[in-house]
Amino acid sequence: MTHQTIVVPDIGGAEGAEVVELLVAVGDAIELEQSLIVLESDKASMEIPASHAGVVVELKMAVGDQLSEGDAILVLDTSAADGDNAEASHEEALSTDQSAVSTDADLASVQRVDEGSQGAAVSVDLEASADQVVSEQIVEVPDIGTDGDVEVVELCVSVGDMIGEGDSVVVLESDKASMEVPSPAAGEVLELLIAEGASVTQGAALIKLSVAGGSLPAMAATPAGATAADSTDTTVKTSPPVAEANPAPQVSAPKVSAQPSLSASDEASDLYVGPAVRKLAREFGVDLKAVKGSGPKGRIVKEDLQAYVSQRLADPATRAVSVGSGIPEVAEIDFSKFGPVRHEERSRIDKVTATNMSKSWLNVPHVTQFDDADITDLEAFRSSLKAEAEQRGSKLSPVPFIIKAVAIALNANPKLKSSLAEQGDMLVYKDYCHIGMAVDTPNGLVVPVIRDADKKSIWALSDEIRELAAKAKDKKLKPDEMQGAVFTVSSLGNIGGRGFTPIVNTPEVGILGVSKASTQPVWDGSAFQPRTLLPVSLSYDHRVVNGGDAGRFLTYLVTLLSDIRQLALN
Ligand code: CAO
């Protein structure tokens with residue numbers, strides 16, 4: 001059995017950094033580079049990675065202890081991982097203390113010995129104590145798999161930021177992908193060498209970084225065959241990912257999670273939070289100051305961030321703001337001040353409908369156009385079919401005629417059944433004609449979908465409408481029976497009303513409201529005639545449908561409904 005004591009590496013000269021989190025326990029099998037503990041100094045929090053793989057046999061410290069460089073963290077049994085640790089053993093052979101693992105400084109000297117043996121490329125400066133050397137590194141655009149220009153769409157750091165190794169420096173975007181460029185080393189951002197919006201190629205300088213302790217990544221990034229003169233220059237050019245250039249296995253510099261990384265004004269550096277969680281927070285655009293930590297000493301762990309994001313997403317106020325409405329919240333009122341009240345939990349359907357309606361109302365610029373269809377002939381025809389309908393065990397309302405006419409009018413005006421795509425840059429035209437039909441049920445509004453309504457006879461449509469409406473009322477609709485509509489019809493004809501402005505069921509771009517038909521006096525040029533008029537209202541998404549499109553669609557629809565022969569011909 002080979003025991004290996006893991007000690008605190010160079011942590012930038014910090015004395016008495018507190019152990020705020022233990023990330024492993026006795027018996028755990030750990031991998032090389034796996035984070036063992038989190039140390040918190042007055043300046044930064046850092047995860048200490050394992051310099052060897054193995055099984056934890058003893059913990060040498062506890063949460064709350066103050067540790068400095070060289071203090072023991074834990075003892076590992078490395079016998080099972082001897083292959084992985086082969087190179088680490090090489091380091092031990094070079095160390096005078098066989099039981100202790102190398103610190104960063106030790107590793108640096110090991111590497112220098114190796115480099116030195118390959119050719120006198122090591123300078124006297126670099127042999128100085130690692131923690132006294134502060135080198136400057138230029139972080140460049142790495143190999144991004146394209147020779148062409150890519151755009152700097154986001155600068156993730158500001159001058160003065162303390163960043164950790166792997167923290168994103170900039171976000172680049174080509175016409176195919178966007179990618180974050182990670183910092184190859186921990187350090188302080190001295191200078192931004194690029195501005196947002198700039199076009200760059202591989203090798204372009206992004207930021208200048210001050211790296212304390214003459215860090216390994218910087219050295220490893222020195223081009224092979226560098227001369228002594230190159231090496232004495234403490235400004236080292238570095239292209240990420242530098243870590244890949246390091247001979248493995250090697251203990252990394254502690255991952256220093258640093259100072260403000262969300263924004264310049266962010267005081268997140270005062271928070272207990274590791275670099276991985278900081279990175280995640282940055283990706284979500286979350287201000288860590290708003291997140292409550294549940295870890296030791298209030299440390300913010302990944303689960304805290306996830307809970308915070310879930311809670312914000314569920315918050316109706318956030319949802320309203322997230323669509324850019326900027327609408328102030330409506331304050332809740334205690335109505336019991338004015339009289340007796342009852343509270344009733346809303347059905348799931350009602351709540352979903354409320355969300356969808358708000359989404360549509362806030363996102364879609366609505367216009368509603370009104371008209372009346374003269375359905376006198378249609379009603380006479382429908383009455384003539386009453387006996388036949390009864391014979392078929394069916395009942396013919398105006399709705400199947402309306403659905404059929406809408407399908408024909410949609411095919412003649414395909415924009416009315418299109419949808420926006422790619423942030424509004426594209427229209428998706430659909431070569432099918434599935435129509436949604438709003439059904440009023442005790443549980444709330446449900447919209448089953450009649451598939452290929454343009455291809456079905458009035459009788460078939462009538463049967464399907466009745467069947468779907470019954471299923472909707474009995475909560476028997478399957479999910480696929482409520483999907484795929486290109487347009488919706490909302491008929492309140494059986495209830496009443498002279499007209500209404502339905503809300504578009506986005507991503508559809510149009511909806512037809514049907515009100516109650518009534519007999520009205522209509523001037524025929526010489527006299528008033530009693531005619532049955534059906535009020536219809538078309539709401540449309542004015543981002544897609546303009547007044548001309550809507551006018552043509554509605555006029556054609558009204559013509560179809562008014563002239564039963566036209567409907568029969570289609
Ligand atoms: N004008 C006058 N009478 C109408 C009519 C209209 N536009 N539409 C239907 N009617 C009559 C029918 O002819 C029938 O009368 P008869 O029995 O005398 O023939 C009566 O109203 C009842 O019809 P129905 O309810 O059996 O069937 P329907 O085909 O008219 O409607 C359905 C089916 C599912 C659309 C309806 O039941 C429904 O749920 N409507 C509400 C939709 C809704 O809530 N929309 C609002 C959504 S929020 O924007």
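1. Val545 is buried, at a relative accessible area of 0%; buried means under 20% relative accessible area, exposed over 50%, and partly exposed in between, with a 1.4 Å probe and protein chains only. Val545 sits in the loop between β29 (528-541) and α13 (547-562). Helices here are DSSP runs of H or I with at least four residues, strands are runs of E with at least two, and both are numbered from the N terminus. Setting aside residues up to four places away in sequence, Val545 touches Lys415, Leu416, Val509, Tyr540 and Ala550, where contact means heavy atoms within 4.5 Å. Val545 and Gly510 are 35 residues apart in sequence, and their C-alpha atoms are 8.3 Å apart in space.

2. On the basis of the model: this is a predicted model, in which local features need pLDDT of at least 70 and side-chain atom pairs count only at pLDDT 80 or more, while totals for chains, interfaces and linings use all residues. Residues are numbered from 1 along each chain as its sequence is written, and side-chain values use heavy atoms, with hydrogens and water left out.

3. The protein chain has 14 helices and 29 strands. Of its 570 residues, 44% are buried. Among contacts in the chain with a separation of 6 or more, 64% are between residues 24 or more positions apart. The accessible surface of the chain is about 28600 Å², and carbon and sulfur atoms account for 52% of that; accessible areas come from the Shrake-Rupley method with a 1.4 Å probe, and for residues only the protein chains shown count as cover.

4. An open sheet is formed by four strands in the order β1-β8-β6-β3, with antiparallel pairing. Its edge strands are β1 (3-7) and β3 (29-30), each of which pairs on one side only. Two strands count as paired if DSSP finds at least two bridges between them. β3 and β6 (residues 54-59) run antiparallel and are joined by two bridges; Ala29 stands opposite Val55 in β6. Strands of a sheet pair through backbone hydrogen bonds, either parallel or antiparallel.

5. Strand β4 (residues 35-40) is largely enclosed by the rest of the structure, because six of its six residues are buried. Strand β2 (residues 17-22) runs antiparallel to β4, and four bridges join the two. Val19 has Leu39 of β4 as its bridge partner.

6. Strand β12 (residues 168-173) has five of its six residues buried, so β12 is also largely enclosed by the rest of the structure. Four bridges connect β12 with strand β10 (residues 150-155), and the two run antiparallel. Here the bridge partner of Glu151 is Glu173 in β12.

7. Helices α11 (residues 398-412) and α12 (residues 458-473) pack with their axes 9 Å apart and at an angle of about 115°. Axes are lines fitted to C-alpha atoms, for helices over the stretch in contact, and angles run from 0 to 180 degrees between N-to-C directions. From α11 the contact uses Val399, Pro400, Phe401, Ile403 and Lys404, and from α12 Ile458, Leu461, Ser462 and Ile465. Seven of the residues in this contact are nonpolar, one is polar and one is charged. In this division Ala, Val, Leu, Ile, Met, Phe, Trp, Tyr, Cys and Pro count as nonpolar, Asp, Glu, Lys and Arg as charged, and the others, Gly among them, as polar.

8. His434 lies in the loop between β21 and β22 (435-437). At 11% relative accessibility, His434 counts as buried. His434 and Val486 are 52 residues apart in sequence, with 5.7 Å between their C-alpha atoms.

9. Most residues other than glycine have a negative phi, and most peptide bonds are trans. Glu422, which is not a glycine, has a positive phi of about 50°; Glu422 is in the loop between β20 (419-421) and β21 (426-428) and is exposed, with a relative accessible area of 56%. Lys475, also not a glycine, has a positive phi of about 60°. Lys475 is in the loop between α12 and β26 and is exposed at 61% relative accessible area. Thr506 and Pro507 are joined by a cis peptide bond, with omega about 15°; Pro507 is in the loop between β26 (487-491) and β27 (510-514).
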